[in-house]
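Hi everyone, thanks for coming. Let me put the structure up, and then I'll walk you through a helix pair and a sheet.

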Amino acid sequence: MFDINKILRPNIKKLVPYSSARDEFKGEASVYLDANENAFGSPLDTAYNRYPDPLQYKVKKRLSEIKGVPPRNIFLGNGSDEAIDVLFRSFCNPGVDNVILVPPTYGMYEVSANINDIETRKVLLTEDYQLNLEGIAEAIDEHTKMIFICSPNNPTGNSINREDVETLLANFSGLVVVDEAYINFSRQKTFIQELTEYANLVVLQTLSKAWGLAGLRVGMAFASEEIIEVMNKVKPPYNINEASQQLALEALNNIDTVNSWIKETLTQRDKLVLQLKNFDFVLDIYPSDANFILVKTTGARDIYNYLVQQGIIVRDRSKVELCEGCLRITIGTPAENETLINALQNYK
Ligand SMILES: *Cc1c(COP(=O)(O)O)cnc(C)c1O
């Protein structure tokens, strides 16, 4: 059913990608005079005078071991936000095609669509923040190229029912992009293992959340080899800088620390939920599979402003449809969470 040639932009299909010096000579040599680099070095303790590996092979190899996916099924982006943009540029014809978004969800899908002049068709989640499959089916037409599903969803925190995502994967002839930025905190299992099953699946993950590397800007897309090949053709040649590649590799060898933080975050999340429930301005706390919670309050803006005065910043999501009265609160360290609770005890 899925045929990449049916959804690829014609200009991308015939695109001859930029061929860098590092693409044209890949072996080991003693003298490199092919890339107009500074041969003397860098005015730093570490040398960055050479262009980085355009396909980030070492990082992908390590990721491949961790995720159980061959390197040829991995794309690395300058954050997963770059992967989102590259998907639009690869598959969506400006002014012609459309994508399906299921708000309330992550805001970058819409921004990226707008930048690329792609129509967004919005099908609201249901009251319990699940997919409206009938609504999605009605919104799809012959120009619908992608559907973005964020699971666990930002800002609601819940996971999307797996069977519903599988229904889309099995029936939609465009790409189903499953954004798993928060998968490390989830009770649900990743969709990465379904890549062999569904040719139209793209899974996004990132080193920005659980891995604690938001400042390095490294995001991943996992997909079929043919999709990854297109994305590699469209991305800027050196999209992950050398420092980020080296540090990401080092971090990926430190998985135990990350796992202990995930465990602690979940403990803190449960504790914070129990404490917040005691406040009478808290109306509801939605079940979370992520490192944040969505809290429905009697007056989100007032609580937000009060917390700002106390030097505590949370996210006011009360203007977002289906999130009326809601604050999104990231789980902090035990001390930060205690500071938050203490501040809220003195509210009003
Ligand atoms: C934070 C977040 C991302 C971010 O990605 P980067 O890798 O930092 O660009 C992607 N998707 C969702 C849903 C997020 O919340």
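Let's start with helices α4 and α10, which are roughly parallel to each other, because an angle under 35 degrees counts as roughly parallel and their axes cross at roughly 25 degrees. Do keep in mind that this is a predicted model. The crossing of α4 and α10 is left-handed.

Which residues of α4 and α10 make the contact? From α4 we have Lys58, Val59, Arg62, Leu63 and Ile66, and from α10 there are Gln245, Ala248, Leu249 and Leu252. Sorted by class, that contact has six nonpolar residues, one polar and two charged.

Now, on to the sheet. Four strands make up an open sheet, ordered β8-β9-β11-β10, with antiparallel pairing. Which strands stand at the edges? Those are β8 (282-285) and β10 (315-316): each has a single partner strand, so one side of each lacks a neighbour in the sheet. If you'd like a spot to look for, Asp316 has Leu327 in β11 as its bridge partner.

Two helices pack on this sheet as well. Helix α11, residues 255-277, touches β8 and β9 (292-297), and its direction makes about 150 degrees with that of β8. Helix α12, residues 300-309, touches β9, β10 and β11, and its direction makes about 40 degrees with that of β11.

Definitions and conventions
Residues are numbered from 1 along each chain as its sequence is written. This is a predicted model: local features need pLDDT of at least 70, side-chain atom pairs count only at pLDDT 80 or more; totals for chains, interfaces and linings use all residues. Axes are lines fitted to C-alpha atoms, for helices over the stretch in contact, and angles run from 0 to 180 degrees between N-to-C directions. Angles under 35 degrees count as roughly parallel, over 145 as roughly antiparallel, 65 to 115 as roughly perpendicular and the rest as oblique. A crossing is left-handed if the near helix is turned anticlockwise from the far one by less than a right angle, and right-handed if clockwise. Two residues are in contact if their C-beta atoms, placed from the backbone, lie within 7 Å. Ala, Val, Leu, Ile, Met, Phe, Trp, Tyr, Cys and Pro count as nonpolar, Asp, Glu, Lys and Arg as charged, and the others, Gly among them, as polar. Two strands pair if DSSP finds at least two bridges between them.
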